[in-house]
Amino acid sequence: MKAAFYTLGCKVNQYESEAMAEQLIKNGYKIVSHTEKADVFIVNSCTVTASGDQKTRQAVRRFKKNNPDACVVLTGCMPQAYPENSEKLIEADIVIGNKNNDTLVKALNEFFDKKERLINIELHENGDSFRGTLISDFQNRTRAFLKIQDGCNRFCTYCIIPTSRGRSRSKPLEDIQKELDSIAEKGYKEVVLVGINLSSYGKDIGEKFTDAVKLACETKGIERVRLGSLEPDHITDEVIDELAEFDNFCPQFHISLQSGCDNTLKRMNRHYTAEEYYNLCKKLRSTFVDATITTDIMVGFSLESDEDFEESLDFAKKIGFEKVHVFPYSVRKGTRAEKLPQLEKRVKEERAKKMTAVCEEIRQKYLKSQVGKTLEVLVETTNKDGFYEGYTKNYTPVLVKCTEDMCSEIIKVKITAVDGDYCIGEF
């Protein structure tokens with residue numbers, strides 16, 4: 001039988017789709033693209049924003065409409081956070097949550113045996129331990145994602161993640177080492193450690209975040225170790241000093257900001273001030289050569305005034321982020337911010353447009369500053385124009401012409417120009 005995945009959201013979701021795919025393969029399934037005909041379509045959902053829910057509903061309905069005889073599975077964060085709404089999505093033949101997506105094969109066997117709709121969402125509970133199967137491969141990618149942490153204890157007022165993902169829990173170090181060994185054996189040169197609140201790794205099992213990084217950096221065959229999204233108040237001077245010890249650690253830091261205004265940060269229940277965030281960025285850039293700092297900025301949060309927005313905008317300019325994901329705030333049912341006064345959609349969209357324009361200008365200035373440099377690029381794919389696409393150690397995207405297949409190789413490239421969001425280089 002053929003199965004196809006449609007994955008929305010973060011790198012943790014991508015990892016979990018790979019884990020489910022590996023279980024399906026072991027049970028005789030062939031994994032195909034979601035654009036092909038298949039017997040099973042799995043939609044791995046994201047519910048961080050309202051648009052994520054909308055995309056999920058659209059995908060489920062589209063797969064069922066175009067493939068009426070196929071089994072459509074809904075899993076991921078949306079059914080976990082909003083089980084009643086997910087159950088009402090009748091186009092989904094199977095609905096399971098992210099807590100028990102390791103039961104996918106069992107659910108499919110039951111569905112095909114009984115030909116009856118199946119709803120099985122296990123709720124997260126306090127005291128849950130880390131759960132999930134280990135993966136040994138990462139299909140069709142040059143870098144491998146390795147999930148080492150799940151859940152979050154922070155309870156930001158706008159965020160549904162503690163409901164959709166449960167409390168913070170960490171993967172044992174011995175399991176991390178097993179996956180690292182498998183990844184290295186398969187020939188992956190880069191691994192990305194990911195989690196829902198990655199930098200809280202180890203707090204529940206008596207380990208440190210840097211213990212997991214150390215394992216990855218010291219695994220033979222792994223030439224690059226990269227981190228997923230980090231919380232600023234977890235990145236202490238001690239953590240920075242430990243990370244700086246590893247030559248194969250990639251100095252790209254995606255550090256969640258959300259707002260550069262202290263008033264807004266307090267309403268969001270974030271655990272730092274703008275000044276503390278600024279000092280962290282200074283420390284990182286002074287410690288790591290060619291460090292890049294990327295972030296997420298939310299605009300139009302509850303009660304955000306014009307002055308609050310301008311303060312956040314000025315802060316983004318002050319930091320000079322190498323890349324920013326800007327998005328307007330969307331109300332999430334079940335969060336504390338749901339009950340706060342909301343701004344008009346028009347205001348949110350205008351602010352998002354203005355913030356995006358400023359951040360993109362900074363981005364272009366950074367990319368142009370790379371012209372003339374010779375950088376090491378991990379080549380990942382080819383595009384339709386015959387260019388090879390890859391990334392530098394600090395995650396700058398580069399297009400380069402090569403006379404032979406260089407995929408999965410780390411090559412030296414001289415940057416000669418900038419085209420849109422890419423640097424152009426010569427091998």
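Me: Which residues do ring pairs link into a cluster together with Tyr272?
Reply: This is a predicted model, in which local features need pLDDT of at least 70 and side-chain atom pairs count only at pLDDT 80 or more, while totals for chains, interfaces and linings use all residues. Residues are numbered from 1 along each chain as its sequence is written, and side-chain values use heavy atoms, with hydrogens and water left out. Rings of Phe, Tyr and Trp (its six-membered ring) pair if their centres lie within 6.5 Å, and planes under 30 degrees apart count as stacked, over 60 as edge-to-face and the rest as tilted. By ring pairs, Tyr272 is linked into a cluster with Tyr277, Phe315 and Phe321.

Me: How many aromatic pairs does a search of the whole structure find?
Reply: A pair of aromatic rings is described by the distance of the centres and the angle of the planes. When the whole structure is searched, the number of aromatic pairs found is 12.

Me: What is the centre-to-centre distance in the aromatic pair of Phe41 and Phe63?
Reply: The planes of Phe41 and Phe63 are 15 degrees apart, and the pair is stacked. Phe41 lies in strand β3 (residues 40-45) and Phe63 in helix α2 (residues 50-66), so the pair ties together parts that are 22 residues apart in sequence; helices (H or I, at least four residues) and strands (E, at least two) are DSSP runs, numbered from the N terminus. Phe41 is buried at a relative accessible area of 0% and Phe63 is buried at 4%, where buried means under 20% relative accessible area, exposed over 50% and partly exposed in between, with a 1.4 Å probe and protein chains only. The centre-to-centre distance of the two rings is 4.8 Å.

Me: Why is the pair of Phe301 and Tyr329 called edge-to-face?
Reply: Phe301 sits in the loop between β12 and α12 (306-319) and Tyr329 in the loop between β13 and α13, so that in this pair parts of the chain 28 residues apart are linked. Both Phe301 and Tyr329 are buried. Their ring centres are 4.9 Å apart, and the pair is edge-to-face because the planes stand at 75 degrees.

Me: What is the order of the strands in the open sheet of three strands?
Reply: Two strands pair if DSSP finds at least two bridges between them, and β11 and β12 (residues 292-299) pair in the parallel sense over three bridges, with Phe253 having Ile293 in β12 as its bridge partner. The edge strands, each pairing on one side only, are β11 (252-254) and β13 (323-328). With parallel pairing, the order is β11-β12-β13.

Me: Which helix packs on the sheet while touching β12 and β13?
Reply: Contact here means heavy atoms within 4.5 Å, and axes are lines fitted to C-alpha atoms, for helices over the stretch in contact, with angles from 0 to 180 degrees between N-to-C directions. Helix α11 (residues 274-287) packs on the sheet and touches β11 and β12, its direction making about 160 degrees with that of β12. The helix that touches β12 and β13, with a direction at about 175 degrees to that of β13, is α13 (residues 345-369).

Me: Which residue forms a salt bridge with Arg363?
Reply: A salt bridge is a side-chain nitrogen of Lys or Arg within 4 Å of a carboxyl oxygen of Asp or Glu. Arg363 lies in helix α13 and its partner in the loop between β17 (410-419) and β18 (422-426), so the pair ties together parts that are 58 residues apart in sequence. At 2.9 Å, N to O, the partner is Asp421.

Me: Is Glu322, which meets Arg285 in a salt bridge, buried or exposed?
Reply: The side chains of Glu322 and Arg285 meet at 3.0 Å, N to O, with Glu322 in the loop between α12 and β13 and Arg285 in helix α11, 37 residues apart. Arg285 is partly exposed at 30% relative accessible area. Glu322, with a relative accessible area of 9%, is buried.
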